Amino acid sequence: MFRHSVMRIRRLRSLMLVLGQLCVALSIAQPKFTISGYVKDSQSGETLIGANIYLENQPSTGTVTNTYGFYSLTLQEGSYRLVFSYLGYQSRLESVTLSQSTQVNVSLSSGLAMQEVVVTAKAEEEDDNVQSTSMGRVSLPVDQIKVLPALLGEVDVLKTIQLLPGVSSAGEGSAGFYVRGGGADQNLVLLDEAVVYNSGHFLGFFSVFNADAIKNTTLIKGGIPAVYGGRLSSVLDIQMKEGNNQQFQSEGGIGLISSRLTLEGPIVKDKSSFLISGRRTYGFDLAQPFINKTDFAGTNYFFYDVNAKVNYQFSQKDRVYLSGYFGRDVLNFEQRDRDFRFRLPYGNATATLRWNHLFNDKLFFNLSAIYNDYQFRAGFDQEEFKFSIYSGVRDFNMKLDFDYFPSNDHQIKTGIHGTHHKLTPNIISGSAGDVEFESTTTPKYANEFAVYIQDDWRISPRFRVNLGLRGTLFQQTGPYTSKHTGESFSGGEVVQTYSSLEPRLFMNTSLTEQSSIKAGVTATTQYLHLVSNSSSTLPADVWVPSTEVVKPQRGWQYAAGYFQNFRSNTYEASVEVYYKSLRDQIDYRESFVDNSVDQVEDEFVFGKGRAYGLELFVRKNKGALNGWLGYTLSRTERSFPDIENGRIYPATYDRTHDLSLVSNYNISPRITTGVVFIYATGRTYTSLERLYLIEGQLQTDYGPRNSQRLEPYHRMDVSVTLWPKKKEIRKFNSHWVFSLYNLYNRKNTFFLYTDYETDLTQGTASAKAYKVTIFPVLPSVTWNFKWR
Amino acid sequence: MKLNLLTLLPILLLLMLASCEQEYIPIKSGEGPKYVVEGYLEAGEAPFPTYVILTRTFDFFSEIGPDQFNSSFVRNAVVIVSDGEADVVLPEVCLSQLDPAIRKLVAAQFGLNSDTLSIDFCVYVDLLGLVQPEEGRTYTLRIEVDTDVITATTTIPPHVRIDSLRFLPPPGKPNDSLAQLKCFLADPPGVRNFYRYFGSTNGGPYEKSFSTVEEDLFFDGKSFDFQLFNPATTNGNADPDQFGLYFVGDTVTIKWCSIDEAHFDFWNTLEFSNANQGPFASYTRLQSNINGGLGIWGGYSISYYTRVVAY
């Protein structure tokens with residue numbers, strides 16, 4: 001009896017196994033269909049980038065919207081409850097009965113009243129930071145940047161980025177940034193796909209990005225996917241807003257430094273919209289009545305930006321975007337009593353034309369034509385003597401990109417990019433009466449091509465990889481005459497060719513639903529270079545291409561990290577380590593002086609670098625109190641055979657410790673406070689070692705490069721935002737932002753200078769060094785408004 | 001003729017922002033002193049005897065007194081100048097060794113007044129005129145101090161004279177007591193030329209402006225007029241309204257020199273280093289032609305132009 005029972009159970013189990021296998025087989029045979037579409041903001045119609053779409057009862061089955069807000073999810077036939085979510089918005093649940101491929105466009109409404117802004121540097125969405133293969137990737141929605149304290153009230157995405165671990169500031173008040181030990185030129189800064197060659201206004205104190213015109217900012221400091229290339233260290237991908245396609249609205253603000261106005265609205269409701277946004281400074285304009293009474297009449301300085309964008313949806317499958325940016329810094333200096341004039345205009349212009357097309361619900365296509373132009377001009381004249389200098393970069397760029405969603409386990413991106421560069425180094429011209437002078441420098445030309453493929457592959461629910469490969473080809477082309485061989489090349493003729501294969505591999509092993517381990521390796525090549533002889537990059541610094549003299553910079557980055565979320569993603573934490581090795585790094589030779597240079601690359605020396613570090617990151621995403629704490633322990637080194645015989649020295653931007661605390665507290669629906677605290681190891685500098693007399697004047701003999709450090713940098717900023725009463729949130733509403741920069745008046749060193757005096761007769765001399773601080777505690781107030 | 005593009009911007013910046021400064025005591029890595037050579041040869045009009053001042057560097061002390069100056073001179077060194085054919089050993093002369101009348105003369109040659117001088121100035125100098133510097137020749141310097149050897153080489157290039165000088169009214173606002181100096185130069189084509197100048201007013205010592213050197217990179221072979229600043233009105237104490245200008249009625253002498261590339265590089269880096277201080281400046285190491293020390297061994301070919309300031 002007992003034996004029979006056991007046998008029956010065994011038969012039953014066998015039968016169940018067979019049935020189970022049959023079910024699996026049937027399920028495999030079951031047809032699959034695709035749900036695809038766009039996720040948008042319900043009020044403005046703006047597409048949402050990085051929104052999550054997943055099955056309610058199976059969150060690991062899902063996808064994320066791409067740069068254009070498009071998603072594609074392939075499931076078996078059946079009924080599903082799909083969750084659409086985006087941080088700061090009310091999640092939406094959609095029931096879908098899938099018996100054929102279908103398009104589901106979803107609009108999400110901002111679930112939080114505008115007073116309850118959540119400040120987070122969100123790593124994609126919710127637990128995506130744990131689940132995705134992306135590493136060192138952080139998105140900063142602009143609304144959240146706007147409530148943080150800002151220098152002189154100027155909201156600046158680049159300064160907020162500096163508060164992330166692994167990112168350091170180029171200097172006091174500077175919008176320039178360094179990522180994981182990479183140089184300032186090693187960041188790929190994109191505005192609607194167009195490269196921005198100089199992202200700073202007013203010597204880099206303010207960035208060129210007007211926060212009112214920006215939708216989203218993503219920084220990739222670690223695993224750079226194969227879709228991006230051309231820079232060694234990071235990608236800063238900034239998307240402009242598309243413009244509200246539901247209703248007309250305007251917003252703007254009046255601040256201490258500048259004022260802003262943005263107009264946006266539908267051209268054809270639900271189909272087409274426009275946005276135009278401008279910003280201009282006016283400090284010196286206000287002073288004109290006083291300046292005009294002096295010998296300096298006509299002297300002025302201002303900068304401005306204009307962003308504009310239109311889009312048109314021709315059909316459910318076709319959409320076209322045209323966007324552009326134009327910005328200039330203008331300095332005019334006049335001294336009439338000396339008949340002296342100085343003009344310094346510089347700035348960027350970009351234009352991007354894009355066509356999105358859906359071949360089918362699994363294949364998304366984008367074609368972009370991009371133009372960008374950075375120009376720097378400076379010149380002075382006095383009587384019959386004139387002198388001017390000009391440099392610039394101009395690109396024409398075509399990009400063809402495909403997003404292919406063959407199944408839920410694969411998301412494939414592939415494409416081909418081609419760019420024609422014209423790089424104008426410093427061309428000097430002048431005249432003294434009828435005699436004209438001109439440097440023999442001529443522009444350099446180059447073509448850059450890239451082809452890439454990457455697959456974000458979910459091998460199992462717990463293991464994902466992102467495999468990518470990018471192949472690049474760079475050609476310096478004529479017209480060009482080699483200084484070394486004397487050979488002449490005509491226009492378009494290839495002078496020098498470089499190529500590179502850049503593998504990208506990132507892996508994610510989920511340990512639990514809330515934790516994962518990630519690792520990755522990134523190879524990158526950089527063909528354009530910006531070498532600065534300053535402690536920071538300046539608008540006059542010149543971009544140069546790889547040539548027969550200058551080799552491409554190459555880098556490898558290895559990174560690994562542990563990611564853990566707590567309390568339903570309220571808290572998230574990560575620990576990342578990285579090691580970066582850099583080849584063919586470029587610097588100016590020692591004793592370089594830029595006033596007697598014809599070919600700037602003849603002044604270069606070449607070496608190598610390495611950077612390694614540990615980054616800790618903890619953030620609170622939800623609740624009245626939110627924000628993050630980031631800490632970086634790192635080392636960044638360079639070595640050049642022609643500088644101090646190859647001695648390894650810390651880079652100017654080496655920071656051993658770098659800590660940032662960013663917090664935001666919603667005290668009440670009407671009051672939000674923000675606090676930022678920064679601590680960083682002091683900047684390196686070259687020691688002032690000895691003094692000696694030449695022609696009776698003291699001179700400095702410097703010690704080893706970057707062998708000393710300034711005292712640590714630290715600072716706290718606070719802000720209070722006063723929102724309108726709820727009942728006032730209608731057609732017109734406004735809010736006030738009060739900021740205090742450097743709350744406790746820390747005297748951080750901006751620069752050092754020396755002052756020497758010698759009296760040989762008396763046999764005395766005094767040699768003093770001074771540190772200069774520029775930003776004491778600085779209050780500011782900004783009034784922002786929105787009308788619709 | 002140089003455009004220090006970014007000079008104006010930091011000024012503008014500092015005007016706008018409330019800056020403050022504090023004295024800063026730099027940290028030193030503690031390495032020992034170095035030798036400093038300052039030696040010149042002159043060919044052409046009224047050449048000064050060849051001389052070498054040999055000192056040791058000071059530590060970065062905030063105050064330096066006469067004792068430190070006196071002890072900085074390196075005594076009893078063997079200083080040899082060679083033109084490739086003959087070696088001349090320069091004897092060491094310290095002012096304290098000379099009788100007062102000669103001391104006064106020698107001190108004046110170095111722009112010093114021996115009556116009020118608090119230091120014992122020492123120099124290795126060719127008092128007998130055994131070195132006869134000539135244009136187109138190369139001169140080597142060899143200095144032996146105990147077991148240390150310092151060497152350097154310089155070439156005196158062929159001299160390029162100024163074609164003419166004239167004083168004109170100052171640019172901009174009329175002012176009949178001031179004048180600007182215009183020089184007409186015909187730069188020889190096909191060769192790199194390097195120039196340096198000094199100015200003397202009413203027979204006083206030769207002074208230098210903040211920018212004394214120029215090269216013909218952008219005007220090779222051109223003949224043109226250019227403004228030459230008055231060194232006396234370019235220093236920090238001068239009235240900004242008189243910057244670089246001359247005073248009508250003064251007698252001005254311009255000392256115009258041709259120099260070689262290494263000599264130019266030294267002054268070019270020195271002047272850039274002194275002028276290029278500020279928020280974005282990085283350090284500039286002076287490009288010296290001295291092996292085994294700091295400083296300069298420089299050859300000049302010289303012409304002088306004396307004019308009364310008038311237009």
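User: How many residue pairs are in polar contact between chain B and chain A?
Analyst: This is a predicted model, and the pairs counted here have both residues at pLDDT 80 or more. On the side of chain B that touches chain A, helix α4 (residues 261-275) of chain B gives the most, with nine residues. The count of residue pairs in polar contact between chain B and chain A is 27.

User: How many salt bridges are counted between chain B and chain A?
Analyst: One salt bridge joins Arg285(B) to Glu590(A), and their closest N and O atoms are 2.9 Å apart. Over all chains the count comes to 56 salt bridges. Between chain B and chain A, the count is six.

User: What area is buried between chain B and chain A?
Analyst: The size of an interface is often given as the accessible area lost when the parts come together. Here the contact takes 95 residues from chain A and 95 residues from chain B. Carbon and sulfur atoms give 60% of the buried area, which is about 8500 Å².

User: Which residues in chain B lose the most area to chain A?
Analyst: The area buried between the two chains is about 8500 Å². On the side of chain B, three residues together make up 10% of what that side buries. Those that lose the most area are Tyr24(B), Phe218(B) and Phe280(B).

User: Which residue in β4(B) is the bridge partner of Arg690(A)?
Analyst: Arg690(A) lies in strand β44 of chain A. Strand β44 (residues 688-694) of chain A pairs with β4(B) in the antiparallel sense over two bridges. In β4(B), the bridge partner of Arg690(A) is Asp59(B).

User: With which residue does the side chain of Arg690(A) meet in a salt bridge?
Analyst: The N to O distance in this salt bridge is 2.6 Å. The pair links strand β44 of chain A with strand β45 of chain A, and its residues are eleven apart. The partner of Arg690(A) is Asp701(A).

User: Is Glu334(A) buried or exposed?
Analyst: The side chains of Glu334(A) and Arg343(A) meet in a salt bridge at 2.8 Å, N to O. Arg343(A) has 33% relative accessibility, so it counts as partly exposed. A residue is buried when its relative accessible area is under 20%. Because Glu334(A) has 11% relative accessibility, it counts as buried.

User: How many residues apart are Asp409(A) and Arg458(A)?
Analyst: The side chains of Asp409(A) and Arg458(A) meet in a salt bridge at 3.1 Å, N to O. Asp409(A) is in the loop between β25 (385-407) and β26 (410-432) of chain A, whereas Arg458(A) is in strand β28 (residues 444-460) of chain A. Asp409(A) is partly exposed at 29%, and Arg458(A) is buried at 14%. The pair links distant parts of the chain, and its residues are 49 apart.

User: How many residues does the largest nonpolar core have?
Analyst: The residues with the most contacts inside this core are Phe177(A), Phe205(A), Phe209(A) and Trp256(B). A second, separate core has 55 residues, including Leu710(A) and Tyr40(B). The number of residues in the largest nonpolar core is 110.

Definitions and conventions
Residues numbered from 1 in each chain as written. Chains lettered and ligands numbered in written order. Predicted model: local features only at pLDDT ≥ 70, side-chain atom pairs only at ≥ 80, totals over all residues. Heavy atoms only, no water. Pairing = 2+ DSSP bridges. Helix = DSSP H or I, 4+ residues; strand = E, 2+ residues; numbered from the N terminus. Core = buried A, V, L, I, M, F, W, Y, C linked by side-chain atoms within 4.5 Å. Buried < 20%, exposed > 50% of the residue type's maximum accessible area, 1.4 Å probe, protein only. Contact = heavy atoms within 4.5 Å. Buried area = accessible area lost by both parts, 1.4 Å probe. Salt bridge = Lys/Arg side-chain N within 4 Å of Asp/Glu carboxyl O. Polar contact = N/O pair within 3.5 Å; in protein donor to acceptor, adjacent residues only side chain to side chain.
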